[in-house]
Each structure stands twice: as structure tokens, then as C-alpha cells.
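Hi,

Here is the structure I promised to hand over. My notes follow below it.

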Amino acid sequence: MLIILLFGIGIALLKPILSGIYYRAELQAQPVTAIQSLAQQPEPVESLPQFKCDGRIHCSEMHSYEEAVFFMKNCPGTKMDGDGDGQPCESQYGR
């Protein structure tokens with residue numbers, strides 16, 4: 001009975017070690033795939049638009065041309081493109 005108990009304990013202790021060796025060998029057999037270069041960094045946070053639709057609809061409420069473009073393209077009910085050419089606040093920003 002003692003031999004069976006010791007044998008069971010031995011198997012319980014060796015199983016994780018043996019399965020770890022098998023798993024490691026399995027990982028080494030997998031092909032290596034290229035990872036995107038770390039040199040291709042995402043855009044800096046400050047260059048991403050920091051605007052959000054907050055109810056402003058007129059050119060006089062905008063602080064920049066880029067903000068007006070964002071509002072016109074992403075927010076409903078804006079009144080910034082009087083002639084319908086897709087460029088907001090032309091008289092204010094001269095574009």
C-alpha cells in the first residue's frame with residue numbers, strides 16, 4: 001500500500017514537470033512569425049483630434065478650422081457650410 005501511495009505522489013510531482021517540457025518543445029517547433037517593426041509608432045496623442053460633439057453648431061463657436069471640420073463631419077445639425085461645398089466656416093478661416 002505504501003508503494004502505491006509513493007508511486008502516486010511521484011506521478012503527481014513529475015506530471016507538471018513532464019508536461020512543461022512537452023509544452024516547451026511544442027512551442028519551439030512552431031514557426032516564427034514576423035512582428036511589426038517597433039519603429040512604426042502610433043501617432044502621438046497630441047496630434048489626434050481632441051474634439052467631441054457637445055452641441056455647438058455655428059462657426060462663431062469654433063476655435064479652429066480643424067475643429068469646424070470635425071464638427072461638420074461627425075456631429076448632427078451643424079450650420080457651418082452655407083454654400084454646401086464641404087468646407088466649413090470659409091469666411092472665418094479664409095479657406
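What do the buried residues of α2 pack against? They pack against α3 (90-93).

First, the ground rules. This is a predicted model, where local features need pLDDT of at least 70, side-chain atom pairs count only at pLDDT 80 or more, and totals for chains, interfaces and linings use all residues. Residues are numbered from 1 along each chain as its sequence is written, and side-chain values use heavy atoms, with hydrogens and water left out.

Now helix α2. It spans residues 65-74. Helices are DSSP runs (H or I, at least four residues), numbered from the N terminus. The buried residues of α2 are Tyr 65, Glu 67, Ala 68, Val 69, Phe 70 and Phe 71. Buried means under 20% relative accessible area (1.4 Å probe, protein chains only).

Glu 67 sits in helix α2. Its relative accessible area is 5%, so Glu 67 is buried. Beyond residues up to four places away in sequence, Glu 67 touches Phe 51, Arg 56 and Met 62. Contact means heavy atoms within 4.5 Å.

The largest nonpolar core has 8 residues: Cys 59, Met 62, Ala 68, Phe 70, Phe 71, Cys 75, Met 80 and Cys 89. Such a core is a set of buried Ala, Val, Leu, Ile, Met, Phe, Trp, Tyr and Cys residues, joined through side-chain atoms within 4.5 Å. Leaving aside neighbours within four places in sequence, Ala 68 contacts Met 62, Met 80, Pro 88 and Cys 89.

Cys 89 lies in the loop between α2 and α3. With a relative accessible area of 3%, Cys 89 is buried. Its phi is near 55°, a positive value in a residue other than glycine. Most residues other than glycine have a negative phi.

Best wishes

Definitions and conventions:
Buried < 20%, exposed > 50% of the residue type's maximum accessible area, 1.4 Å probe, protein only. Helix = DSSP H or I, 4+ residues; strand = E, 2+ residues; numbered from the N terminus.
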